[in-house]
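Trainee: I am new to this structure. Please take one part and walk me through it closely, then show me what lies around it.

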Amino acid sequence: PTPFFVIATQNPSYQSGTYPLPESQLDRFLMRISLGYPSYEAEKQMLTQSPVKPLKLADFISPSDLIEFQRQALAVTCSDSIIHYILKLVNASREQSTYPQPLSPRASKALLRAAKAWAFLHDRNYVLPEDVQAVFTAVAEHRLKGVQQEWGEENVLSQRLLDSVDPLAA
């Protein structure tokens, strides 16, 4: 049904019964976001609270409102210079041998969509380089690592790539 989206959790590959996804499947996930562990106080609160009934999407927003927000986010304007910046980022991953898995055209499309959504969430109808930078590691890291790499330090490859490309250079 519309709207449709998937949120998945990832177990460490060393756990019994887990297997790494092929790059072609990893590339289909828009973002990979790590929440980390809760703080001491937050975990203590989790342990001492009564179970809470899960909320449904309808408790927050109607499906028609969500679809409208998605439409508005896709309508956010993106200048040629932002497109150029995104293309410089993905092409740098393809030209430099330090990246095990270069970014695909699907990654560039995901980066543009995520940057537009970030701008929309910040009440703008245009994308800035900072919007691309804000979402880049979440969109790119799982694509850059592929299945060959262990998931050690967070966002090392994507941050290195982001730092290597100047958004203002021609």
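Mentor: Start with D123, which is exposed, with a relative accessible area of 75%. Exposed means over 50% relative accessible area, buried means under 20%, and partly exposed lies in between, using a 1.4 Å probe and protein chains only. This is a predicted model, in which local features need pLDDT of at least 70, side-chain atom pairs count only at pLDDT 80 or more, and totals for chains, interfaces and linings use all residues. Residues are numbered from 1 along each chain as its sequence is written, and side-chain values use heavy atoms, with hydrogens and water left out.

D123 is not a glycine, yet its phi is positive, about 60°. D123 sits in the loop between α5 and α6 (129-145). Helices here are DSSP runs of H or I with at least four residues, strands are E runs of at least two, and both are numbered from the N terminus.

Helix α5 (residues 105-121) meets helix α3 (residues 63-74): their axes come within 8 Å and cross at roughly 110°. Axes are lines fitted to C-alpha atoms, for helices over the stretch in contact, and angles run from 0 to 180 degrees between N-to-C directions. That makes α3 roughly perpendicular to α5, a label for angles of 65 to 115 degrees. From α3 come F69, Q72, A73 and L74; from α5 come R113, K116, A117 and F120. Contact means heavy atoms within 4.5 Å. The residues of this contact divide into 5 nonpolar, 1 polar and 2 charged. Nonpolar covers Ala, Val, Leu, Ile, Met, Phe, Trp, Tyr, Cys and Pro; charged covers Asp, Glu, Lys and Arg; the others, Gly among them, are polar.

α6 packs against helix α7 (residues 156-164) at about 125°, with the axes 7 Å apart. On the α6 side, the residues include F136, A140 and L144; on the α7 side, they include V156, L157 and L161. This contact divides into 7 nonpolar, 4 polar and 2 charged residues.

Finally, step back to the whole chain. The protein chain has 7 helices and 0 strands. Of its 170 residues, 28% count as buried. Among contacts with a separation of 6 or more, 71% join residues 24 or more positions apart.

Conventions. Parallel < 35°, antiparallel > 145°, perpendicular 65-115°, else oblique.
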